[in-house]
Amino acid sequence: MFPPANLPPAEALAEDRRARESEHAWLLGRLVWPAAQLSELPQDEGRALAIVDGRSERQDEAVYLEAVPVDEVAARGLRAKIRCGGERVPGAEELADFIRGCRSRGLVFKATAGLHHAYPTESGENGFLNLLAAVVFGDEEEALRERPPAFSLDATSFRWRDQEALPARLADVRASLLHSIGTCSFFEPVEELEKLGVL
């Protein structure tokens with residue numbers, strides 16, 4: 001929530017608490033917080049954090065590097081991070097190349113920024129269900145370009161056309177490739193999933 005929403009600390013924490021108290025709080029991961037403003041975080045907050053310092057993000061012992069070639073990230077034994085929105089939105093080919101690069105090198109990555117929507121938008125934003133399909137099923141460019149209602153997701157599986165991924169497969173992908181997504185909005189993606197009947 002902070003950044004890229006750039007809320008003042010008190011507002012960011014209030015919004016985070018609102019998300020944690022919602023019925024879909026189980027979807028919520030870490031609170032993103034700038035390293036330069038750690039002193040503004042109450043010591044009793046006890047919240048799992050993702051600490052951002054320039055192009056690096058630390059989540060406990062895991063470090064993600066943004067805008068660093070995947071070969072360098074792999075050589076340093078770290079994790080990769082790709083920005084999917086904001087000032088620049090990567091197209092399907094670029095995002096697919098990044099996913100394949102991480103897959104072939106055994107790199108875990110995080111995708112951040114701009115992933116507010118389940119499917120791609122007319123303005124060119126990427127969809128988070130598309131990203132999930134690209135990492136789970138392959139056929140990256142095709143998966144990243146799909147439009148509704150291409151995917152189905154419920155407690156039993158994630159489905160695309162005639163392919164199905166069971167929970168164990170999704171857990172494996174999360175551990176070995178796509179760890180998480182970051183977005184400055186929690187409620188917007190949740191509302192989209194509700195409209196799609198996923199939640």
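In which hand does α3 pass α4 in their crossing? It's a right-handed one, meaning that the near helix is turned clockwise from the far one by less than a right angle.

A word on the ground rules: this is a predicted model, where local features need pLDDT of at least 70, side-chain atom pairs count only at pLDDT 80 or more, and totals for chains, interfaces and linings use all residues. Residues are numbered from 1 along each chain as its sequence is written, and side-chain values use heavy atoms, leaving out hydrogens and water.

Back to the helices. Helices (H or I, at least four residues) and strands (E, at least two) are DSSP runs, numbered from the N terminus. α3 and α4 pack at an angle of about 40°, with axes 10 Å apart. Axes are lines fitted to C-alpha atoms, for helices over the stretch in contact, and angles run from 0 to 180 degrees between N-to-C directions. That makes α3 oblique to α4 (under 35 degrees is roughly parallel, over 145 roughly antiparallel, 65 to 115 roughly perpendicular, and the rest oblique). Here's who touches whom, with contact meaning heavy atoms within 4.5 Å:

| Helix | Contact residues |
|---|---|
| α3 | Leu 95, Ile 99, Arg 103 |
| α4 | Leu 131, Ala 134, Val 135 |

Now for the sheet. It's open, with seven strands in the order β1-β2-β3-β4-β5-β6-β10 and mixed pairing; two strands pair if DSSP finds at least two bridges between them. β1 (31-34) and β10 (178-182) stand at the edges with a single partner strand each, so one side of each lacks a neighbour in the sheet. Further in, β3 and β4 run antiparallel, joined by four bridges.
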